[in-house]
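Keep the viewer open as you read.

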Amino acid sequence: MARSEGVIEPSRRGRVRFLPHGLRKEMYEEVLRLYSQGLGYTRIIRKLRARFGVTVSRSTISYWVRGVRTPYYVRRPPAERVEAYRAALAMHAEGLGCKMITRELRRDGYPVGLSTVKDWVAGRSSPYGPEPPELPIPPPRPTMNRPRIMELVPSPELAYVMGAVLGDGSVFSTKITLKAKDIDFVAEFAHNLSVVLQRPVKVSRYRGFYVCQSRSKPLSGLLRKPAKIDKLRKYVEHCERCMAAFIRSFADSEASFDAGGWLQIFNTDLQLLLYVKILLAKLSIDSTGPYRRPRDVLVDRTGKVYLRRKDVYRIYIRRASLQQYAVVVGFTIRRKQRKLERYLRRRKCRYRQPPPPQLSYHYIISSRYGAAGI
Ligand SMILES: [Zn+2]
């Protein structure tokens, strides 16, 4: 019988329409193992092709990974076979022996053998196929059908993610994206996001940018722009560390510091900027503004020219508060942080260097040439 639960395309070398069942089970286990290691579908397909010489379709892998199908159960066995199976079990319950049962079934037109009936009666097999074995691998990932339970809990990591997304980040549907040129910023973001989501997060390169992208329903709902400050409040204002983390990532994307000692934070969302100002005050950092800057043409640090389509608002950190800012908030982006430190040193401010950001193996830099953890 041709099994329907795994469409296998012909490989490059030989035409294989249906795989031997044992091989399919082996590949199924390998797919779950690779997936649990954080590999994407494309790389799983590549690895399977290298090891088994067979190309498995993305949809098959998706079915396996989501636990919708396995190579073990037969979902719709032939109706006749099921009838014979039920009749056999009923007769066995009445006390008939296997030989008698086989004879009865054959007389009724079911072509079954004695060994099959013995297996059925002993529970070794059924028309539905055997139970999947206990595998030394994690269960398939929960998905839309079996949603993962995730509740957002206030933490500095979550606050950092929020500040970054409301700054440079974007939300489309459930997809959250941060695209920036500074690797230290994107890496820190990816690390914090992976802590919040409790799963690895990927960072890829795209035309000189580093891009971190992931999906999360609760997070994307919270972070869609314009910012819904009332909803953010209970996470951001949880404690001083959370507030500082929120401002740090927001400033990583939306702030600039120049040698004259001007630290400005800007955004097109006036309400959001007013909120940042309140948070700064809570951390004993004085600021002025917001000031409006009308739409115009601007040039970034690489010399690229942009047309600003919206009015931009900005606030300035007062110079007297720069040291407090550097100690309590600071920048993840070393380029900005170093500038600030240099300024403070020149001013002979006593400056205590905060610990460097902790980076971990939670995210993966991937490119077409393979992947490397950082
Ligand atoms: Zn907190």
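**A guided walk through the chain**

Of the 374 residues in the chain, 29% are buried. A residue counts as buried if 20 or more other C-beta atoms lie within 10 Å of its own, as exposed if 12 or fewer do, and as partly exposed in between, with C-beta atoms placed from the backbone. The model is predicted: local features need pLDDT of at least 70, side-chain atom pairs count only at pLDDT 80 or more, and totals for chains, interfaces and linings use all residues. Residues are numbered from 1 along each chain as its sequence is written.

The chain holds 14 helices and twelve strands. These are DSSP runs, numbered from the N terminus: helices are H or I with at least four residues, strands are E with at least two. Contacts are next. Two residues are in contact if their C-beta atoms, placed from the backbone, lie within 7 Å. Among contacts with a separation of 6 or more, 66% join residues 24 or more positions apart.

Now the interior. In soluble globular proteins, nonpolar side chains tend to be buried together. A nonpolar core here is a set of buried Ala, Val, Leu, Ile, Met, Phe, Trp, Tyr and Cys residues joined through C-beta atoms within 7 Å. The largest such core has 58 residues, and Val 186, Phe 246 and Ile 247 have the most contacts inside it. Apart from this core lies another, of twelve residues, including Tyr 28, Val 31, Leu 32 and Ile 44. What does Ile 247 contact, leaving aside its neighbours within four places in sequence? Its partners are Gly 163, Val 276, Leu 279, Leu 280 and Val 329.

Helix H3 spans residues 58–66, and its buried residues are Thr 60, Ile 61 and Trp 64. Seen down the axis of H3, they fall within an arc of 95°, so they line one face of the helix. That arc is taken over the directions from the helix axis to the C-beta atoms. The cover over these buried residues includes helix H1 (21–36) and helix H2 (41–52).

Move on to strand S6, residues 263–267. In a regular strand the side chains alternate between the two faces of the sheet. In S6, Leu 263, Ile 265 and Asn 267 point to one face and are buried. S6 pairs with strand S5 (residues 255–257) in the antiparallel sense, over three bridges. Two strands pair if DSSP finds at least two bridges between them. Ser 256 stands opposite Gln 264. S5 and S6 form a hairpin with five residues between them, and Gly 261 in the turn has a positive phi of about 95°. S6 also runs antiparallel to strand S10 (residues 312–317), joined by five bridges. There, Ile 265 stands opposite Ile 315.

Finally, check the backbone. The peptide bond from Lys 225 to Pro 226 is cis, with omega near 0°. Pro 226 sits in the loop between helix H9 (217–223) and helix H10 (229–236). A cis bond also joins Gly 289 and Pro 290, with omega about 5°. Pro 290 is found in strand S7 (residues 287–293). Arg 207 is not a glycine, yet has a positive phi of about 45°. Arg 207 lies in the loop between strand S3 (201–206) and strand S4 (209–215). Arg 207 counts as exposed because it has 6 C-beta neighbours inside 10 Å.
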